[in-house]
Amino acid sequence: MTDTLTGRTASALARPVMPEVAAFAERLAGADVLSVLFYGSNLRTMLLEGVLDFYVLTSGPIERGIWPRVSYHEWDHQGVTLRAKVATMTLATFSAAAAGQLIDTTIWARFVQPSGLVWCRNEGAAQATRDAVAQAARTAARLAVALGPDAGTPDSYWRALFRATYAAEFRVEKSGREDSILAANREHFDGLLPLALAAEGIAFTRLPDGTLRPELAPSRRAALLRWWRKRQRLGKFYNLVRLVRASTTFEGAARYGAWKVERHTGIAVHLTPWREKHPVLAAPAVLWQVWRAKKAAG
């Protein structure tokens with residue numbers, strides 16, 4: 001079943017997760033939710049510490065404006081406080097973004113990496129989600145071979161892809177981040193590129209030394225690079241706007257920030273109703289409180 005991209009994606013999304021993660025996903029599944037994806041380092045480590053990362057996909061048309069909506073949740077479950085950061089968007093938006101039809105680069109670049117389908121409304125929703133994640137791999141693969149060398153190892157193409165997408169986003173990543181992604185997810189990426197290229201209709205030759213030579217026509221490579229340059233030009237601005245929007249619409253931002261401060265400094269932040277309602281305006285006073293507490297303890 002895993003000798004095609006469709007089969008490979010279905011198998012990868014069905015990976016086991018901790019029962020607590022499955023229970024949290026079910027808790028997030030409101031009436032309009034079609035499926036819930038789990039991703040991030042906790043998927044790999046099978047640990048519950050830190051913040052769990054979910055994408056909640058809902059019914060509805062492709063969204064306009066800036067998405068997804070981001071929220072922070074805490075849940076006391078069987079004596080353990082579970083924390084989650086949740087991105088919510090429609091499945092239609094997710095599918096279009098995964099296919100590269102929208103300006104956003106984060107969906108296909110994120111979901112060519114490992115994720116798990118931890119809750120779904122029905123088989124139709126599950127299949128649509130699997131199709132979108134498979135499409136993310138196709139979108140990533142075709143850009144990878146357009147950006148990468150004429151011939152190389154699969155890793156060389158994935159490195160080219162991740163270097164480009166990180167550089168296009170408004171975020172700071174340590175040099176070599178692409179290497180750590182591949183090293184941490186070796187099993188996931190092993191054999192993925194040939195399957196994604198085959199699904200995308202891009203032929204390739206396997207050379208005796210194990211490298212690949214994609215047979216990408218110059219006209220198609222030029223078209224892919226034009227497609228990418230448009231997103232590259234707008235990437236930092238788009239993600240900056242998304243961050244600014246999230247600073248005012250991030251549900252539970254104050255609780256999330258207070259938890260992060262205590263986790264990194266050991267200093268508890270007292271949350272008043274005003275601080276809960278105005279986390280951005282409250283930030284200077286919180287930072288002052290933390291600075292004074294650190295100085296007193298110093």
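Guide: First, a term: two strands pair if DSSP finds at least two bridges between them, and helices (H or I, at least four residues) and strands (E, at least two) are DSSP runs, numbered from the N terminus. This is a predicted model, where local features need pLDDT of at least 70, side-chain atom pairs count only at pLDDT 80 or more, and totals for chains, interfaces and linings use all residues. Residues are numbered from 1 along each chain as its sequence is written, and side-chain values use heavy atoms, with hydrogens and water left out.

Visitor: Which residue in S4 is the bridge partner of Thr58?

Guide: Look at S2 (residues 52-58) and S4 (residues 80-90), which pair in the parallel sense over seven bridges. Thr58 has its bridge partner in S4, and that is Thr90.

Visitor: And in S4, what is the bridge partner of Glu74?

Guide: Here we switch to S3 (residues 69-77), joined to S4 by nine bridges and running antiparallel. Glu74 bridges across to Arg83.

Visitor: Is Gln78 buried or exposed?

Guide: Gln78 sits in the loop between S3 and S4, and its phi is positive, about 55°, although it is not a glycine. Buried means under 20% relative accessible area, exposed over 50%, partly exposed in between (1.4 Å probe, protein chains only). Gln78 has a relative accessible area of 70%, so it counts as exposed.

Visitor: Which residue does a cis peptide bond join to Trp67?

Guide: Check the loop between S2 and S3, where Pro68 lies. Omega is about 0° at the bond from Trp67 to Pro68.
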